[in-house]
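In these entries I record what I looked up in one structure. The sequence and the model are shown first.

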Amino acid sequence: MPYNFELPLITDLTPDQQTVLNYAEAVAVSGGPGTGKSVIGLWRHIRNYDTGNAKSLLLTYTVSLERFLKETCRTINEEAANNVNRTFRYTTGTDQQQYDEIIVDEAQDVNIERYEIIRRNANRVSYTTDDNQILYPEQSTKSEQLHNVFGNQTFTLRTNFRNTHEITRFVRSLFPDHIIQDGNSNGPIPQLIHTDNDEDDQLQAIIDIINTYQDPTHNIAVLDPFQNGVRKLRQKLSDRGINCSYYVNEADNLNQIERVHVTTFKSCKGLEFNTIIVPNFASYSWWLRERPNIVTENDIYVVLTRSKNNVFLINNSPNYYSKKNMAPLAIPLQRGTVQEEDYVPNQQIQNNQQQNNNPIIDDDDDLPF
């Protein structure tokens, strides 16, 4: 079952979004996860071709997001879909056509030197950006640098349309230094599932979650920071009859994103899913300490903010190690922004789908934001 591509109707955009879309000159759009930055880039690009007013190119950073943007454009305008590319491919390739407008999505992930090439090939350059979602700090370009290069009119989007209130509360309690707009809907509290060092139970917990949400429009991501981890997970799920796509690097052909998609932390950037599942989350501290070139706090921040409805974290360390390994979750657990349960086959997800029995009480919340 393919990934369900959804783009809000142009008539459903908020007044703030309409203002950005209708601005005639180049724009710089900033905002946290789920605020509609990519939506604005997509609609600006699509409308250029629908109206015939401009020839534009929509650029993005990752292969997965390129596929997402292409397929979303294709639901409305085929020519717009044919003019979606990856920033690195375009700036290093030999076919650098001229455009009236180049729109760079996730602009913070592009080395500043690439913008010299982009600027030469366009009458105007628009972009979307969020410094909190930088993937590779050593080759990023921050908002201030982009403004110094282009001087675009800046618009900041402040409404989080993606995440629920419960997800944003959890992310804030885990990353108090990151700014994330509160969600505008309610949903289940994120779940921490303990499988006590049992790989079979962890796999079955993932399958139980997938089988719980069988609506063809319900998109699910299973996320691992490492390429080998993604390949192993995808193979195990396929062996158990789960139809899923996967992506780790350019050696893989990503012709279609399935409803269940297995990928790395970095490759999920820019995408959104109804449900995300992160196995082996007890390795959180180890990832940051031992693999800082692969996993940063920003990566985990990006992962947790991909979800529209449900977040499932699986702790597969032995129970007697759990307290030590789960130290980063001490404050979220104390404040009730994440709930923990031991895994019980075929029961765990049913419990999670019920209305929150222990809702977060704002009056008792003394988080510093």
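**Entry 1: cysteines.** I looked up Cys268 and found that it counts as buried because its relative accessibility is 0%; buried means under 20% relative accessible area, exposed over 50% and partly exposed in between, with a 1.4 Å probe and protein chains only. Cys244, at 7% relative accessibility, counts as buried too. I then searched for disulfides, each being a pair of cysteine sulfur atoms within 2.5 Å, and the structure holds zero of them. For Cys244, the nearest cysteine sulfur is that of Cys268, 16 Å away.

**Entry 2: the model and its confidence.** I note that this is a predicted model, in which local features need pLDDT of at least 70 and side-chain atom pairs count only at pLDDT 80 or more, while totals for chains, interfaces and linings use all residues. Residues are numbered from 1 along each chain as its sequence is written, and side-chain values use heavy atoms, with hydrogens and water left out. The pLDDT is the predictor's confidence in each residue, from 0 to 100. The protein chain has a mean pLDDT of 89, and 91% of its residues reach 70 or more. Over residues 351-369 the pLDDT is below 50, and this stretch has 28 contacts in the model beyond near neighbours in sequence; a contact means heavy atoms within 4.5 Å. Where pLDDT is low, the predicted coordinates should not be read in detail.

**Entry 3: the sheet of six strands.** Helices (H or I, at least four residues) and strands (E, at least two) are DSSP runs, numbered from the N terminus. Two strands pair if DSSP finds at least two bridges between them. I traced an open sheet of six strands in the order E3-E2-E4-E5-E1-E6, with parallel pairing. Strand E3 (84-86) and strand E6 (153-157) are the edge strands, each pairing on one side only. Within the sheet, strand E4 (residues 99-104) is joined to strand E5 (residues 122-129) by five bridges, and Tyr99 stands opposite Ala122 in E5. Helix H1 (residues 15-22) lies across strand E1 (27-31) and E6, at about 155 degrees to E6. For such angles, axes are lines fitted to C-alpha atoms, for helices over the stretch in contact, and the angles run from 0 to 180 degrees between N-to-C directions.

**Entry 4: the sheet of seven strands.** Another open sheet has the order E9-E10-E8-E11-E12-E7-E13, again with parallel pairing. Strand E9 (245-247) and strand E13 (339-342) stand at its edges with a single partner strand each, so one side of each has no neighbour in the sheet. Strand E8 (residues 220-224) pairs with strand E11 (residues 273-278) over three bridges, and Ile220 has Thr275 as its bridge partner in E11. Helix H10 (residues 227-239) lies across E8, E9 and strand E10 (260-264), running at about 160 degrees to E10.

Entry 5: I asked which residues have the most contacts inside the largest nonpolar core. They are Ile102, Val104, Ile276, Ile300 and Leu304, in a core of 68 residues. Such a core is a set of buried Ala, Val, Leu, Ile, Met, Phe, Trp, Tyr and Cys residues joined through side-chain atoms within 4.5 Å. Apart from it lies another core, of 22 residues, among them Leu203 and Val260. Finally, I checked helix H8 (residues 165-174): ten of its ten residues are buried. What covers them includes helix H11 (284-290) and strand E12 (307-315).
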